[in-house]
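This report concerns the pairing of charged side chains and the packing of helices in one model. The structure is shown first, and the discussion follows.

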Amino acid sequence: MVAMPITEPDPATAAPDPSGAEAGLLAAWTALLHRCGAGVDPGPYGRELLRRWSEPQRRYHRVAHLHAVLRHVDELAGHAADPDAVRLAAWFHDAVYRPDRTENEERSAALAVRALTAAGLPAERIAEVERLVLLTVGHDPAPGDRDGEVLCDADLAVLGGTPEAYAAYAAAVRAEYGFVPAPDFTAGRAAVLRRLLALPALYRSPAARERFTAAARANLTAELRELTGQDPSDTP
């Protein structure tokens, strides 16, 4: 069988067989690929994806984030038109991640297309996965885009956590951008927070909207206030 060309694993550097939570993720990946009709052994390249998600430059966008997004996708799956396409997109949405670059989502989408094409998945589903990964650039799916709503809601669920969990998330994001001087980071991060607060709705699926919206808006507003010293409600 031909393996998926995510990158050809190097025996000298390939990640060891995962254990614990990562073993559960690998089992879920393998079942997902078989369920979607893959004609290859997904195991080696599931491990390669987990290696990517464990790269040293990551502080927030790590395996724990992948695990959380997949868990939220499962919780919201009843809202999706193609839950397995959303799960595939979750696996790939930050598979390429360099904090010093701006084209991570595009590279992640291209990686998904190459890998899933080699795996023999149907072209229609591959195109849907590519589209979904690209949606995570702005997290603004069109009305009625149920797959996009589920992926974006799952990706943004962290915003609706407890204040303590949100603080840990924000600190991890800052650590990923540790190479950026504080004034530049503050300006960039504040712009991201304002963009999120300006979305017509942070969450689109009914369950996520009810569960996360109030906490997410409170967390985003508090971080923006801390960064800028201004109450966002006072900003024109």
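Arg87 forms a salt bridge with Asp74, with 2.9 Å between the closest N and O atoms; a salt bridge is a side-chain nitrogen of Lys or Arg within 4 Å of a carboxyl oxygen of Asp or Glu. Because Arg87 lies in helix 4 and Asp74 in helix 3 (residues 63-76), the pair ties together parts that are 13 residues apart in sequence. Helices (H or I, at least four residues) are DSSP runs, numbered from the N terminus. Arg87 counts as buried at 17% relative accessibility, whereas Asp74, at 45%, counts as partly exposed. Here buried means under 20% relative accessible area, exposed over 50%, and partly exposed in between, with a 1.4 Å probe and protein chains only.

The model is predicted: local features need pLDDT of at least 70, side-chain atom pairs count only at pLDDT 80 or more, and totals for chains, interfaces and linings use all residues. Residues are numbered from 1 along each chain as its sequence is written, and side-chain values use heavy atoms, with hydrogens and water left out.

By the salt-bridge rule, the count comes to 14. Three of these pairs are listed below.

| Arg87 | Asp74 | 2.9 Å |

A network of salt bridges links Arg35, Asp74, Asp84 and Arg87. In the pair of Arg58 and Glu55, both residues are buried.

Which buried residue has no salt bridge? Glu149 is buried without one, and the nearest side chain of opposite charge, Arg204, is 5.5 Å away; Lys and Arg count as positive and Asp and Glu as negative, while His and the chain ends are not counted. Glu149 is placed in helix 7 (residues 146-156). Leaving aside neighbours within four places in sequence, the contacts of Glu149 (heavy atoms within 4.5 Å) are His79, Pro141, Ala142, Gly144, Arg204 and Ser205.

Helix packing comes next. The axes of helix 1 (residues 21-35) and helix 2 (residues 43-53) come within 9 Å and cross at roughly 130 degrees, which makes helix 1 oblique to helix 2. Axes are lines fitted to C-alpha atoms, for helices over the stretch in contact, and angles run from 0 to 180 degrees between N-to-C directions. Angles under 35 degrees count as roughly parallel, over 145 as roughly antiparallel, 65 to 115 as roughly perpendicular and the rest as oblique. The crossing of helix 1 and helix 2 is right-handed, that is, the near helix is turned clockwise from the far one by less than a right angle. Among the residues that meet are Leu25, Leu26 and Trp29 in helix 1 and Tyr45, Leu49 and Leu50 in helix 2.

Helix 8 (residues 163-176) and helix 10 (residues 206-228) pack at about 50 degrees with their axes 11 Å apart, and are therefore oblique to each other. Their crossing is right-handed. Pro163, Tyr166 and Ala170 of helix 8 make the contact with Asn219, Leu220 and Glu223 of helix 10.

Note on methods. Helices (H or I, at least four residues) and strands (E, at least two) are DSSP runs, numbered from the N terminus.
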